[in-house]
Amino acid sequence: MLALIEAVIISFLDSEENVQSMSKQFHSPPVSRVAIWGLSALILIGPVAAAELKDPELYKQELLAIEKRLDAKLKELDEKLERLEKLEATAATPVMPDSVPQVKTEETKPVQAAEKKESVKTEAKSQDRFANVSYGKNGFEFRTDNDKFSLAIQNRLQVRYANPFDSDPRSVSDLERDESTFMIRRARTKLKGHAYWPWLQYYLQYDWSQPVLRDLSLTMDKFKWAKLWVGRGKVFYNDERVSSSGNQQLVNRSIVNDIFTVDRQQGVQLFGNLFPGSWHDISYYTGVFTGLGVGERNNDDDHMMYSGRLQWNALGGEMPFSQSDIEFHQKPALNFAFAAATNRSRCTAFETDSRSCRDLPGFNPGQDGQYRINQMMEEVRFKWQGFSVQHEMHWKEVVDTLKNQGDPTRKTNLMGGLVQAGYFPHYIFPIIPKNLELAGRYAFVDPNVNFNNDRQQEGSGVMTYFFNGHLNKVSFQVSHLTVGNKSNQRYWLQWDFSF
């Protein structure tokens with residue numbers, strides 16, 4: 001009897017018309033399942049109630065076997081109902097004649113669907129390609145998915161209060177000035193990134209406070225041992241000048257800078273790092289430039305400026321051009337460097353400005369190609385566990401080619417140098433804030449070694465709190481400045497903020 005009942009139920013479930021009818025009536029597989037079980041119960045109640053169970057255990061086993069087979073059939077029923085619902089939903093979707101192309105054969109539909117899917121995927125990829133935006137130490141950075149192009153935008157604002165004057169004194173009258181000033185010392189925008197290849201890098205910096213285009217260059221940075229730089233920007237000569245004004249240990253550069261700097265030029269430079277990690281780890285820099293700074297398009301004669309720098313990375317590898325040990329070197333880092341430059345032009349000094357070709361104090365404005373400048377520099381830098389020290393010694397010769405060979409004023413020799421050191425005292429006295437650095441500097445300039453009592457000297461002390469490294473810091477500096485036998489104090493309070 002039970003076998004007959006099972007056959008009737010399974011025959012009912014195998015009928016597609018019955019499945020469709022139940023799907024329409026009960027609308028969902030769970031409800032259909034309840035209906036089937038209810039039907040089964042009604043069919044089974046009668047025989048079970050009427051028949052006398054002679055062997056209950058055997059009857060129970062037969063019922064369990066039937067239940068398993070019914071479960072399998074119900075599972076198949078659920079799958080059929082799901083397919084029917086999908087077909088009904090597809091048939092109910094309206095098709096716009098203008099949006100779907102007419103096809104002649106059934107076989108072309110998958111091909112066109114694949115092409116359409118690939119087109120949508122490609123279009124989405126093209127749209128997302130310029131959607132990668134991030135923020136970091138270089139400011140806001142935009143980068144394509146394929147990494148062919150990137151652009152970082154950063155602004156820097158340097159606000160300073162100076163009393164009683166701001167610029168470095170070069171004469172006794174400069175020391176007697178009373179020009180207490182609040183100023184926006186620097187306001188710059190930087191653009192940097194790469195184009196087409198990660199190793200083809202560009203850099204642009206504009207100064208809104210002067211205003212002047214300070215940097216515009218391309219660097220081919222494919223090989224660590226040989227990199228090519230072309231455009232306008234800083235000559236790789238000495239650390240104090242090459243290090244950004246935002247990465248200085250003190251509020252500003254020393255009194256040595258204006259006299260001996262090679263500053264920014266227009267030309268080409270080749271540099272690289274050789275034998276990295278070895279005891280003879282060496283970095284080299286060499287360049288050829290117009291020799292009139294960044295304010296002139298053309299040269300004033302057929303002579304070029306030539307420069308070179310050789311650096312021995314004795315310990316810890318090549319250090320970047322940046323002051324203070326904010327990185328906290330776990331191992332000591334020590335670099336020695338020697339640099340030289342020669343140029344012939346009407347310039348005896350340089351400054352990044354629209355008129356960058358300048359005259360040293362005591363020199364008359366030059367004619368085209370009048371002055372031959374020969375200069376050299378030696379440098380030492382050391383950093384270790386929050387402590388940093390650096391030293392520079394400069395020599396410069398100015399030859400007035402319009403004067404006779406026997407004229408004692410034909411050649412002028414200048415000397416200058418500095419030593420500065422800084423430390424984060426928190427590592428000795430934990431009560432002091434970790435981001436607070438104390439630093440000091442001594443610098444001197446002898447504008448003419450043949451004369452006495454004309455030496456210019458600087459003794460400075462500074463206290464700097466780094467909110468976010470060199471990107472956000474506040475400094476207070478006191479300087480004792482001397483020209484000959486006269487001296488005066490200068491006070492600087494500065495906030496340097498990059499974003």
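Biologist: How many residues sit between E6 and E7 in their hairpin?
Modeller: There are 2 residues between E6 and E7 in that hairpin, where strands are DSSP runs of E with at least two residues, numbered from the N terminus. This is a predicted model, in which local features need pLDDT of at least 70, side-chain atom pairs count only at pLDDT 80 or more, and totals for chains, interfaces and linings use all residues. Residues are numbered from 1 along each chain as its sequence is written, and side-chain values use heavy atoms, with hydrogens and water left out.

Biologist: In which sense do E6 and E7 pair, and over how many bridges?
Modeller: E6 pairs with E7 (residues 226-234) in the antiparallel sense over 6 bridges, pairing being called when DSSP finds at least two bridges between two strands. Within this pair, Leu216 stands opposite Arg232 of E7.

Biologist: And what about E5 and E6?
Modeller: E5 (residues 197-207) and E6 (residues 212-223) are also antiparallel, with 8 bridges, and they form a hairpin that has 4 residues between the strands. Tyr202 has Leu218 in E6 as its bridge partner.

Biologist: Switching topic, is Leu228 buried or partly exposed?
Modeller: Leu228, which lies in strand E7, counts as partly exposed because its relative accessibility is 30%; buried means under 20% relative accessible area, exposed over 50%, and partly exposed in between (1.4 Å probe, protein chains only).
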